[in-house]
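Here is a friendly briefing to read alongside the coordinates. It begins with one residue and then widens to the chain and the confidence values.

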Amino acid sequence: MMYLGSPKKSPSGSTMRPAMEEHPVAPQRLRQNSLAQILARVVEEVKESISRDINGAELLYTLLNAPWLQSLLKVYECLQHYLRTSPRPYLPYASRLSMQIQADLSVGGYSPEARALFGLLRDPHLQALLLAHDMVAQKDYNPVLPPLPDDLPDEEEAMRIVCLVKNNQPLGATIRRDEATGEIFVARVIHGGLADRSGLLHAGDRLVEVNGHPVFGLEPEQIIQILAHCHGTIMFKVVPMTERPVNNQTMLYVRVMVDYSPEQDPTIPCVDAGVAFSKGDVLEIVDQTDALWWQAKKLPSTSACAGLIPSTNFLKRKQREMLWFQAYQPHTCLKALSTVDEEEDLIAIDEKCVETDEETFESEELREDEGDFSSNNSGVYMAGFRRSLRLSRRPGTQIAGTPHCPTNCCWDALETPYEEVVRYLRHPNDTHRVIALVGPSGVGVNELRKRLIEMNPQVYMGAVPHTTRPSRSHEESGREYHFISRELFENMAYNNRFVDYGEYRGHLYGTSMDAIKTVQDSGKICIIDIEPHAILSVRTHELRAYVIYIKPPVAECMRQTRKKSQITTNYYTSRYFKDEEYQEMEEVSKKIESQYCQFFDFVIVNNILQDARDQLLTAVKRAQEEPQWVPAAWIRPSAQN
Ligand SMILES: Nc1ncnc2c1ncn2[C@@H]1O[C@H](COP(=O)(O)OP(=O)(O)OP(=O)(O)O)[C@@H](O)[C@H]1O
């Protein structure tokens, strides 16, 4: 019986002493006190040593006075106190004693107190209590494991029995068969899945039984069938792998540059565990231990469970294989690369850039006569509102010695299927992020840019472009354009000083880095419009461009909203849109999207002009004031892409 208190006489006349006396605590208290005393003396001595300038004394004093050491002592004291006060049984067989007393008293002829005691001891509740007491006192705890068999072989492996309750979720583990031995192993455990959360199954564990079915020699599909028929609790018998690899990787966030569909990928170990993604999606990579298959979540994600994605090298390999063997073994898992058109694009990477230009060249033919123009609204000069730069691109207009596609963006997308990104919020002291508008010609890029600047010219501003054409009488260099010589222009282009440039009717036009920086240095937000292929030249640490794609609505909507809109066909004249131009705009838009959508930070469908302007305003504010995913290289120049 648990017993604490003053000594009492037992029925048999012996003295019942507190259990504490059987387990003397005085020496412990003594020890504890001595420890505290010793420590106090040491601290005092060390303190004196400090004044005597003894080497290391100060360090030791700090150490002995450290809060963690004090806390440790407190813990020690608490444990000692528990040891002193924890009750101990006086007898480990109280129920036997009770029965003995009952037997003695049953003879009869005793005092009323003895009869009352007899009644009490016969009470079933008290008997049950005494039985329970004896079990605790004898440390007779359940369950009792069966004794180990005597003939246990020395090399017997330790087994683990894992019970998981199957609910609607998948188990989150894959298995593989060792073809040489027929053994079944856990191939991988999906991060955040049921098996992972249990903490009991690990990649490399050998599976011995599933719900009592030995699995040795079975095909993985047969085991999956067994699992499929299991309901409720599933019991796995596994031999844990001895040396589990430590996953000490940190989270990695990436923006994907290709589309991927696990359903179309014959190499994926488990289609259901695959994560489908599209260009521009942001993934949180949680596990890169496997060389071929990483584990990731597509953001935003509410699920704790990750899925499988091809590793960078594996994805690149798939792309390369597709390039070489596409005629025989088309890989359809990389969706963006699966159509005949796009496969052709991949083989003729450079031609792709040129092809886009051919589209704009066709547009140009429609507007052959148009010129450039700037805008002077209520005394505010807005430079760079010209059609020529966006329309004038055609094959062969690039300046000698400079690549037409300045950053070779098409090739980058193949070489870097995952671009590492980080969450970035502009610091109020940082220059504003450049706002780069992209869209098919005629969609309303200039119109939206103009409207935004007009709303608040103190905040928004365009970059003054450079040109080699002669200035007109009303123009001032540095206001509408920077008028420079062809030689200087070519020199600037050669030195990559332009983010975008082109030639129109014998004159060169371009938006320079310096012009953008001038706007940034003035504290304003620089709004530029660029050709899609120039996106990568503004996605830099310096400019930190936020790319907004202006998308045309379907042709039918444009027919409605552009009824009264006119396109300027030369400096003085305008005309209404032609019906086929809507269709053409839609097609160009599809091409731009398929090639560049991974770089769009925001997309605005320019249907109702006012709505589109409001969306642009929201997007521009968001770019400056809210955290965004940006390439990690902008923040950590050492980050690998
Ligand atoms: N949402 C809209 N509703 C009606 N008209 C629009 C809309 N957006 C633009 N427009 C009109 O369409 C015409 C072409 O727009 P804008 O000049 O801005 O095109 P752009 O994209 O800059 O093309 P380009 O590069 O060829 O100049 C303009 O007259 C403009 O006012």
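In this predicted model, Gln624 is part of helix H21, which covers residues 609-625. Gln624 has a relative accessibility of 4%, so this residue counts as buried, the cut-off being under 20%.

**Around Gln624**
- The Gln624 side chain comes to 2.9 Å from the backbone nitrogen of Arg433.
- Beyond its neighbours within four places in sequence, Gln624 is in contact with Arg426, His432, Arg433, Ile435 and Ile525.

**The chain as a whole**
- The secondary structure consists of 22 helices and 27 strands.
- The chain has 641 residues, and 43% of them count as buried.
- Taking contacts between residues at least 6 apart in sequence, 67% join residues at least 24 apart.

**Confidence to keep in mind**
- Mean pLDDT for the chain is 77, and 75% of the residues reach 70 or more.
- Residues 1-28 stay under 50 in pLDDT, and the model gives them 39 contacts beyond four places in sequence.
- Residues 385-411 also stay under 50 in pLDDT, and here the model has 92 contacts beyond four places in sequence.
- For the complex, the predictor reports an ipTM of 0.98 and a pTM of 0.65.

Notes: Residues numbered from 1 in each chain as written. Predicted model: local features only at pLDDT ≥ 70, side-chain atom pairs only at ≥ 80, totals over all residues. Heavy atoms only, no water. Helix = DSSP H or I, 4+ residues; strand = E, 2+ residues; numbered from the N terminus. Buried < 20%, exposed > 50% of the residue type's maximum accessible area, 1.4 Å probe, protein only. Contact = heavy atoms within 4.5 Å. Polar contact = N/O pair within 3.5 Å; in protein donor to acceptor, adjacent residues only side chain to side chain. pLDDT = per-residue confidence, 0-100.
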